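I opened this entry to keep a record of what I looked up, going from loops to helix packing and then to the chain and its interface.

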Amino acid sequence: MDLPIQMLVTAVAVPVFGAFLIPIAARVSVPVRNAFAVLLGLFTFFAAASLLKLVIGGQTATWTLAFPRGFDLILHADMLSVFMASVSAFVSAIILIYSLDYISHYENQTEYYAMVVLFLGSMMGLVFSANLLWMYVFWEMTGFASWRLVGFFRSDKDVAKANKTILVTVFGALCMLVGIIMVYFDHGTLDLRSLHGSAISMVAAGFILVGILSKSATLPFSTWLPDAGVAPSTVTSLLHAAVLVKIGVYAYARIFGVTFAAPEAFSSAVLYIAGASALVSAGAALIDTDIKRIIAYSTVSQIAFIFLGLASGNKTAFAGALLYILMHSIAKGGLFLCAGIIEQNTHTKDINKMGGLFSSMPVTGAAFALCSLSVMGIPPFGGFFSKFLVFSGAAQNGSLPVLLMFLVGAVMTLLYLVRLFYKIFLGEPAGHSSPKEGSVTMVASVMALALIGLALGALIYYPSAYAELLTNNLGVNLQ
Amino acid sequence: MDKGLLAYLLIPLFTAVLIPFIARNRPRLADIFANVTLLAGLVNLLWLALRPSVIAGGFADIPGDALSLLLVAAVYLVGLCVTFFSAYFMEEGLPNRQAYYSLILTSIAAMTGVVTTGDFFTLYVFIEVLAVTSFALITTDDSAGGIEGAIKYFFLTFPASALIMVGIAIFMISLGSLSFDSLRVYMSSDMPDGPVVFASALIMLGFLIKSGVVPFHAWTPDAYQGSYAPVSAHLAGIVTKISGVYAVVKLATLLRFFDGRAQALSELVMFLGLLSIAVGAIAALRQTSFKRMLAFSSISQVGYIVLAAGLGTPLAIMGAVFHLINHATFKTTLFLNSASLEKAAGTTDMDKLGGMEHAMPWTSWTSVIALLSTAGVPPLSGFWSKLLIILALWESGLKTYAVLALLFSIVTLAYFMIMQRKVFFGRKSPAAERSSEVSAPLLAPAVLMCGVIVALGLLFPYFYQYVKVVAERIIL
């Protein structure tokens, strides 16, 4: 096996199988377990990132394990999968490091680390799979891991929310499986490489879309995501920024962006659904008072912008959407980790009980502000460029009502994030005793994410060149 | 009768006769004899089926129709798990220890007979032997629930036997022979088929009752709930599958040779299969007893097998056989775990349990694996068998059936979620505070079965090859 293929296989196999060794590592000692989990996360990131050089050079790597009936497990590294894998693995690794302190005083830590790593591994499997059936297999594995993670605390309410998460996403996944079976009988194969450029029927596309929307928490399946906020902040950060909701977006890009030529009516339906989702969730973010729910609604709203870029059928918008995935992962991961520090030190999630925290938590506040600015799309942050590209691409051939919906959504993003920042960090202190700053690793993690968001804006040339190359090489049916 | 496998019938029967004499003064010897017999048989079977040369040859060297061998192996595997579990589960002073092991071994011999026989009369005889042994086994611990379950079992399965008897009589009158081969020859010829279809319908009805398919499911929850704990694993895991479902699959494959003339019967079987999937899953949502929920789940899963059997295409038969095996593995795990729960916490009432994950981590996680496999979550074995069944339905143009069968997986998952919230995860209950994990030997069977579930899922290509050989041999 060549080195790239080895890297490809280990990027999937090491976290998936390594996750099951974490309980054994826990038998040795707690530090060994923690170190092992972080190492698995870092290793996965480096393995995925090491493939970047290969795919930029225009090559791909493929590894196949034969299964009967065309169900081969095909791991395929191309520009899109390596990009997605690197982003997810990077954010997951940061989250694992942050977890060391954050999670250290709760029960069920071994299960937590095992599930985070399993989650990361299934995500790697999902993005590298070039077979729709195996995408489904890994899709369900992420569902299982998210179920255990959302149910990290064991009160009746938490467990009920976890069950809601898995039931909604598995329902979507089963619908997607119906769509996959339709593709299987229409085309006789599930290999995405040989399906490249073929047409997909409206019904099959619709079934697959239900799966995607349920996983990426877009209307009408959005309610589970804010509810999943009962989990520890690291978990929600992981779900929002690194893995779970990004799976839906990735699957859309993979299936309808670079494989099938989706029907025209289908894409415009997706645009309207995404537009409605952006508006409704931004409205919800404006009125909610729970810090984590607000950020969760913000995710629902931002994911809709990514769908706008992916479904516009325009090269600029598509490249913008890919950048958006990157920027949103970094910024949203940072926001949730900040929320984790705030929540842990103030012992509340209600923003009305916070206020004036900037003086006692300056670093967290600064990181929060930087991440918020990136999500809002203020130049020179990375988020500005991605949002700009998505809008300018969509404007070229999008319909006016859709654009207006998203413009209003973007303005509302600004409003709710300013409100959130003001309520937490500025204003009068409301009944708290000036809580402490978080621990060094925690603060360092959030600051790293915030600065990376800023740096990506300054160095926007490299990611955008990558996204453009990707769009030109792989895009299907784009103008 | 497949003579190559006759030893697997005779040896347990011989041990069953031997045990009361040998173990009269030393009851522990009964445990040892039963376990050693089954272990030896299983090792032998694995050697027959999983020798490297056999695997390399694509399982072409398997003797007989390959299905018998697979099912005998499943019978031995479940039987071994149950006897091993019982050896540590039974209280020392239980008076009928020797009788218990004799009955288990007799029922294993009878099941081996059922799956190796080549004609309906022998099939009938062994199924009756099986019914009588199960009937006695249910009452092992002399509790009121056990007696009630046994009586219900009696009243519902013996009329079924009568129906089968009448059907066999009509076969005898119109065909003059009862072997599967002559039936197959007759069915593919153009001779008048009225009486034969009628007889097949009667036999089919009898076996559907015995497999506990809706609307004949009333006896299963009571029998499983009331019976002695390891016995319920034996019954749910393998006995009802062999005495009912296996025969349904066998008969359904024969019906295919009618070439469309028994279409109505096949369609009815499929409809009852789908109905079972739906009714079993929805009823399971409402149960508060762990064992009853598992019993309804069993009804629902049997529905998948019956649905596929009714369809009868090669792919569907492969799915049915695969699901039959999977069902044996995950139901045995779950029922054995319910027995462990009963031993550790003193109850299987889900309202009184909760938060058992810390008290009993092994029991909890093996149950989770088994349940995920039941719900068809990949990459566990249950996913592949369900996928094969759904692909077969779709291939035959039955898209509505396929989509419904698929979407009922979500109901399966829903009752599993309710169960895990009430029993394993969720808030700690007083029962969880005072109970602790059962001993390692009681966990070993569940862990072994979970290993099989994971292995069958990950090694799907090999198992697929095997069931493909099965489908080719019994259909072509």
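**Loops of chain A**

I began with H347(A), whose place is in the loop between helix 15 and helix 16 of chain A, helices and strands being DSSP runs (H or I of at least four residues for helices, E of at least two for strands) numbered from the N terminus. The model is a predicted one, in which local features need pLDDT of at least 70 and side-chain atom pairs count only at pLDDT 80 or more, while totals for chains, interfaces and linings use all residues. Residues are numbered from 1 along each chain as its sequence is written, and chains are lettered from A and ligands numbered from 1 in the order in which they are written.

H347(A) has a positive phi of about 60° although it is not a glycine. I noted H347(A) as exposed because it has 10 C-beta neighbours inside 10 Å; the scheme calls a residue buried with 20 or more other C-beta atoms within 10 Å of its own, exposed with 12 or fewer, and partly exposed in between, with C-beta atoms placed from the backbone.

A217(A) is also not a glycine and has a positive phi, of about 55°; A217(A) sits in the loop between helix 9 and helix 10 of chain A, and with 28 C-beta neighbours inside 10 Å it counts as buried. In the loop between helix 9 and helix 10 (224-227) of chain A I also found P220(A), which a cis peptide bond with omega of about 0° joins to L219(A). I recorded a cis peptide bond from P379(A) to P380(A) too, with omega near 5°, and P380(A) belongs to the loop between helix 16 (362-376) and helix 17 (382-397) of chain A.

**Helix 9 against helix 12**

I then looked at helix 9 (residues 202-215) and helix 12 (residues 244-257) of chain A, which pack at an angle of about 150° with their axes 7 Å apart; axes are lines fitted to C-alpha atoms, for helices over the stretch in contact, and angles run from 0 to 180 degrees between N-to-C directions.

**Chain B and its interface**

For chain B I noted 21 helices and zero strands. Of its 476 residues, 61% count as buried, and the C-alpha atoms of chain B fill a box of roughly 70 × 55 × 50 Å along the principal axes.

Where does chain B touch chain A? I found 23 residues of chain B in contact with 22 residues of chain A, contact being C-beta atoms, placed from the backbone, within 7 Å. Helix 17 (381-395), helix 18 (399-422) and helix 21 (460-475) of chain B each supply at least two residues of the side that touches chain A, and the largest share, nine residues, comes from helix 18 of chain B.

Lastly I listed the contacts of A405(B), which touches L274(B), I277(B), Y304(B), L307(B), I389(B), I390(B) and L393(B), not counting residues up to four places away in sequence.

Note on methods:
Two residues are in contact if their C-beta atoms, placed from the backbone, lie within 7 Å.
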